[in-house]
Amino acid sequence: MFNEKTIEEVKSANRKASSDATSTAFYNNPRIRGLFYQVALVAGLLYFFVTVIGNTLDNMEATGIKTGFAFLDAAAGYDVLMSLISFESTDTYARIFVVGFLNTILVSVIGIFFATLFGFIFGVAYFSHNWLIRKLAVVYVEIFRNIPLLLQVFFWYFAVLSSLPSARQSLSLGEAVFLNVRGLYFPKLVGGDLAWVVWTVLALAIGGVFYLRRWAKKRQEITGEQFPVLKASLALIIFAPLMAAALTGFPFTVDYPALKGFNYFGGVTVIPELMALSIALSVYTGAFIAEAVRAGIQSIPRGQTEAARSLGLRENKIMSLIIVPQAMRVIVPLLNSEYQSLVKNSTLAAAIGYPDLFNVFVGTALNQTGQAIETIFMTIIVYFIVNMVISFLMNRFNSAVSLVSR
Amino acid sequence: MKEFQPSSPRSAPVKSVGLIAWLRDNLFSSIPNAVVTIAFISFLAYYIPLLIDWAFLSANFKGETEAACVNDGACWVFVNAWSYQFFYGTYPPEEVWRINLTIVLLILVIIGSFTLPKSIRLKTSIAAWLLLPVVGIALLDGRLLGLEMVSTDLWGGFSLNVFMATASIVVAFPFSFLWALGRRSDMPFIRSVSVTFIEFFRGVPVLSLFFMGSVMLPLFFAEGTNVDKLIRVWLVLIFFMSGYMAEVFRGGVQAVPKGQYEAADSIGLGYWQKIMLIILPQVIKISMPNILATFVMLFKNTTFLLIIGIPEVVQTLQTALSNSYWLGGHALEGYLFVFLVFWGSCFGMSLLASRIERTMNTDKRD
Amino acid sequence: MTAISSNSNTEDVIVIENLNKWYGNFHVLRDINLRVKKGERIVICGPSGSGKSTMIRCINRLEEFQEGSLVVDGVEMIEDVKNIETIRKDVGMVFQHFNLFPHLTILENLTLGPIWVQKKPKAEAEEIAMKYLERVKIPDQANKYPGQLSGGQQQRVAIARSLCMNPNIMLFDEPTSALDPEMIKEVLDVMIELAQEGMTMLCVTHEMGFAKKVADRVIFMDGGEIVEENEPEAFFSNPQVDRTQQFLEQILNH
Ligand SMILES: Nc1ncnc2c1ncn2[C@@H]1O[C@H](COP(=O)(O)OP(=O)(O)OP(=O)(O)O)[C@@H](O)[C@H]1O
Ligand SMILES: [Mg+2]
């Protein structure tokens with residue numbers, strides 16, 4: 001029979017034996033082993049970097065490539081297809097960097113907006129009462145996420161947009177929006193003298209919506225009465241600026257695109273490169289987001305809906321009070337990584353010549369200056385920073401939606 | 001005492017079962033639903049015949065040149081005429097058996113890793129997978145086997161996409177497992193190096209990695225060393241893939257119950273014995289669906305190689321589309337064909353992944 | 001047996017007539033007829049798959065049925081959103097797996113219905129909620145989240161959540177069968193108290209002690225039918241149908 005004492009004795013004997021073993025064979029001591037591995041790794045990395053840097057310097061000297069960032073102040077000497085700020089070919093590489101950056105942000109924002117829209121529409125469509133719509137969601141997701149993005153970009157650019165009619169035969173919508181092989185044209189509002197009044201009213205209306213929400217919540221807490229916040233907000237945002245515009249005598253002129261010669265001028269132009277890239281990015285990423293939304297909604301047990309129903313809650317309230325808050329906790333982290341992929345994938349602009357950061361900098365600037373290391377790293381860092389910002393915002397959003405839990 | 005006589009079940013009222021009930025519940029459950037259904041069906045009824053007509057009824061199948069495309073429909077002659085290039089690039093036709101043999105070997109290895117008897121499966125398939133790139137490269141290049149050399153400039157087409165993706169994941173596999181272990185290691189330096197590596201390769205756009213491979217990497221090698229472009233790209237893909245796979249494996253390692261480690265420790269296994277004999281097999285099994293998903297991503301991303309001028313299938317298609325004998329506008333046919341090829345393979349792998357996941361879930365229940 | 005004075009009001013609050021339900025072609029409820037008087041306490045038992053849950057879920061329209069009629073508190077259950085809402089406000093339900101809302105605190109779980117369905121001011125809703133939390137003896141847990149509570153506590157919260165809506169009828173679907181033995185009692189105690197206050201209750205349970213103590217009637221179901229119903233004493237001591245006896249032997253000897 002073992003008693004406790006004997007067990008304790010056995011244990012201590014064992015302990016002693018094992019510590020003896022380690023003191024005899026030091027290489028069996030896990031700490032020493034760990035140290036050894038780490039030192040080996042450091043040595044290996046050091047050797048690697050020293051060789052690589054040495055080789056690189058030699059190579060650059062041999063081919064006469066300059067180093068450093070002096071090139072940023074030099075004139076780029078090439079034009080870009082599209083720029084959100086003024087740009088001429090005599091401007092510097094630094095400016096072209098900014099141009100590219102803004103174009104990347106533009107296509108990313110458009111892409112994220114529409115990808116989210118498609119993703120949520122098709123993700124919710126999985127749960128439609130209509131069989132055809134459910135199947136449509138499945139078909140959308142399975143088709144678009146299983147075809148390489150590059151192929152989709154090319155498809156929209158070379159097969160769809162380039163088969164649009166020429167400027168003279170443009171497709172038009174109410175003689176205001178035109179679509180042709182050169183791009184999409186739509187009218188622009190140009191503000192007159194009193195336009196600021198309208199913009200101010202719009203800003204006030206947006207502020208008013210926040211106030212309205214707070215007020216409605218307070219009122220419900222006190223009186224229990226509910227207020228149709230959504231409808232009221234929409235009405236406020238739409239009608240207040242309209243009223244203001246009417247009172248100030250509509251201080252806007254509309255700049256319609258008009259056909260002059262072989263092309264349209266005026267209004268806002270969306271070049272086909274931007275269109276193709278935005279469509280492909282949103283459709284592709286939208287398919288992944290739809291999956292995320294579906295997973296989020298499916299992660300909620302049926303019992304939640306049943307319990308809410310048996311309390312007498314209406315279906316729309318069950319959605320907004322029970323389903324959405326819980327589903328968001330699954331969806332938001334997935335959205336975060338999808339948004340980051342979208343930004344990284346926007347570099348495919350290079351394939352069709354949309355002047356995003358990657359294309360103008362790692363594409364053209366690198367080619368002209370030969371300074372591969374500087375241009376590539378400057379560009380990579382921007383993508384890192386953009387993704388960190390996305391991650392930060394999404395984490396904030398996530399903690400806001402999961403604040404209600406723990 | 002009364003005896004309980006179960007009443008015989010009646011069949012459900014017709015309006016609640018069968019086709020009519022299904023139609024009502026799924027297509028016409030409410031007025032808006034019915035409107036959507038009718039709109040949808042009329043849309044399909046209008047476009048599907050047009051599509052069928054374009055793709056089949058008035059399509060052109062026979063012939064060699066563009067001139068053979070006389071009907072209004074699709075010009076499949078284009079796809080037909082270029083199909084060799086789409087699959088094999090510019091690989092010499094008399095040597096094409098080598099590509100085919102490599103593909104057959106690949107298929108055999110895949111089948112083997114799912115069907116071999118359990119007792120030898122893991123070891124044999126790991127060995128086969130590691131051997132595969134060596135044998136494949138030897139075959140395709142030819143020099144090692146005393147065959148005529150085929151320069152990598154001539155490799156291309158869809159087979160190149162398949163080879164690049166497979167060869168990368170195979171080599172990335174062991175590395176990524178090490179990175180995953182490194183990330184979970186107690187040794188601070190090893191851990192931070194692993195984290196930096198993984199986050200770097202996951203964080204940057206793949207395209208910038210390809211540019212690094214094509215313009216920066218040559219600077220890193222000693223002067224005069226000329227490393228083949230495909231090999232440089234291969235290296236890049238391996239790094240890229242191991243960053244992503246490391247995260248997959250980390251998830252897998254975390255999913256192995258703690259009891260497994262304790263059990264392994266308690267029978268006195270050393271660290272590497274524990275990892276190789278107990279943990280790795282379980283991690284591979286748990287991670288299989290995610291490995292496949294990552295592979296699908298890698299496979300789709302091999303098309304990006306076009307941007308640095310590697311003649312993979314999309315590049316081949318672009319070349320074909322701008323060929324001066326085929327300027328009749330066959331973009332739609334070409335893209336549809338490549339769509340189908342990619343979609344088939346990627347969708348197949350997704351299906352396989354979800355099947356594995358399902359069987360894994362049922363395994364858990366027993 | 002402690003005799004509980006049955007409510008003298010004989011108004012029928014639930015009237016089920018010839019109810020039939022199919023899942024696809026599977027005839028799950030067969031010609032169910034049941035009348036429940038106000039204040040009556042009914043225990044439903046029967047083997048697994050006999051349709052107990054399905055039957056009581058029909059009462060607040062978590063399930064649809066194809067034939068027969070169902071009147072709850074004078075409101076006929078028909079395909080009408082308003083009717084369904086009226087009935088649901090009137091009928092509380094407690095589930096086997098509690099189904100508390102994990103993203104809301106206990107207090108928020110309790111005030112959700114009063115605020116959004118009954119449109120009560122928040123302060124009043126919270127007052128009611130605290131009152132019921134005290135009745136189920138966990139007022140100190142109000143600001144915790146469901147995941148932080150034991151099963152028994154969660155189930156008591158679920159009961160309180162239903163009570164906050166001030167229902168006339170309470171449905172219980174195996175409220176104790178997901179609980180450890182020592183937690184069963186705390187939930188049953190709450191239910192017994194509720195019964196003694198005269199709440200109309202339909203309770204699917206295999207807690208025969210509870211049935212003997214509070215039930216006015218015990219219903220035994222099998223194969224989608226009501227096989228036998230009787231007062232608890234007679235039901236347990238002198239079952240009329242062989243199938244009932246067989247079932248009782250099984251669960252009592254267990
Ligand atoms: N959604 C459904 N679809 C098809 N059949 C169902 C569904 N829900 C329940 N059933 C079937 O209906 C029958 C009755 O189910 P019900 O849940 O009412 O049984 P129960 O008496 O509550 O059993 P338990 O004691 O196990 O809870 C079972 O045979 C079950 O398999
Ligand atoms: Mg049940």
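This is a predicted model: local features need pLDDT of at least 70, side-chain atom pairs count only at pLDDT 80 or more; totals for chains, interfaces and linings use all residues.
Chain A contains 13 helices and 8 strands. Its radius of gyration is 30 Å, well over the 22 Å that the globule rule gives for 406 residues, and chain A is therefore more spread out than a compact globule. If a box is drawn along the principal axes, the C-alpha atoms of chain A fill roughly 100 × 80 × 45 Å. Of the 406 residues in chain A, 42% count as buried, while the accessible surface of the chain comes to about 21700 Å², with 68% of that area belonging to carbon and sulfur atoms. The contacts inside chain A can also be sorted by distance along the sequence: among those between residues at least 6 apart, 68% join residues at least 24 apart.

Chain B can be described in the corresponding way. It has 13 helices and 0 strands, and its pattern, read along the sequence, is α-α-α-α-α-α-α-α-α-α-α-α-α. A compact globule of 366 residues would have a radius of gyration near 21 Å, but the value for chain B is 27 Å, and the C-alpha trace of this chain spans about 85 × 80 × 40 Å along its principal axes. Buried residues make up 46% of the 366 residues in chain B. The chain exposes about 19000 Å², and carbon and sulfur atoms supply 68% of this area. When contacts in chain B with a separation of 6 or more are considered, residues 24 or more positions apart account for 66% of them.

Thr294(B) lies in helix α11, which runs over residues 271-301. Why does Thr294(B) count as buried? Its relative accessible area is 8%, and a residue is called buried because this value is under 20%. The side chain of Thr294(B) reaches the backbone oxygen of Asn290(B) at 2.6 Å. Leaving aside neighbours within four places in sequence, Thr294(B) is in contact with Met241(B), Tyr244(B), Met245(B) and Val248(B).

The second residue, Glu333(B), has its place in helix α13, residues 331-365 of chain B. Glu333(B) has a relative accessibility of 5%, and so it counts as buried. Not counting residues up to four places away in sequence, Glu333(B) touches Trp54(B), Ala74(B), Cys75(B), Trp76(B) and Val79(B). Glu333(B) and Phe86(B) are 247 residues apart in sequence, yet their C-alpha atoms are 13 Å apart in space.

The last stop is ligand 1 and the residues of chain C around it. Which residues surround ligand 1? They are Tyr23(C), Phe26(C), Val28(C), Pro47(C), Ser48(C), Gly49(C), Ser50(C), Gly51(C), Lys52(C), Ser53(C), Thr54(C) and Glu174(C). By class, this shell has 4 nonpolar, 6 polar and 2 charged residues. Both β2 (26-37) and α1 (52-59) of chain C supply at least two residues of the shell, and the largest share, 3 residues, comes from α1(C).

A backbone N or O atom of Gly49(C) lies 2.8 Å from an oxygen atom of ligand 1, and for a backbone N or O atom of Gly51(C) the distance to an oxygen atom of the ligand is 3.0 Å. In Ser53(C), a polar side-chain atom lies 2.5 Å from an oxygen atom of ligand 1. Taken alone, ligand 1 exposes 640 Å², and the protein buries 58% of that area.

Technical notes: Residues are numbered from 1 along each chain as its sequence is written. Chains are lettered from A and ligands numbered from 1 in the order in which they are written. Side-chain values use heavy atoms; hydrogens and water are left out. A residue is near a molecule or strand if one of its heavy atoms lies within 4 Å of it. A polar contact is a pair of N or O atoms within 3.5 Å; within protein, one must be able to donate a hydrogen and the other to accept it, and residues adjacent in sequence count only if both atoms are side-chain atoms. Accessible areas come from the Shrake-Rupley method with a 1.4 Å probe; for residues, only the protein chains shown count as cover. Helices (H or I, at least four residues) and strands (E, at least two) are DSSP runs, numbered from the N terminus. Ala, Val, Leu, Ile, Met, Phe, Trp, Tyr, Cys and Pro count as nonpolar, Asp, Glu, Lys and Arg as charged, and the others, Gly among them, as polar. The radius of gyration is taken over C-alpha atoms; the globule rule is 2.2 Å times the number of residues to the power 0.38. Buried means under 20% relative accessible area, exposed over 50%, partly exposed in between (1.4 Å probe, protein chains only). Contact means heavy atoms within 4.5 Å.
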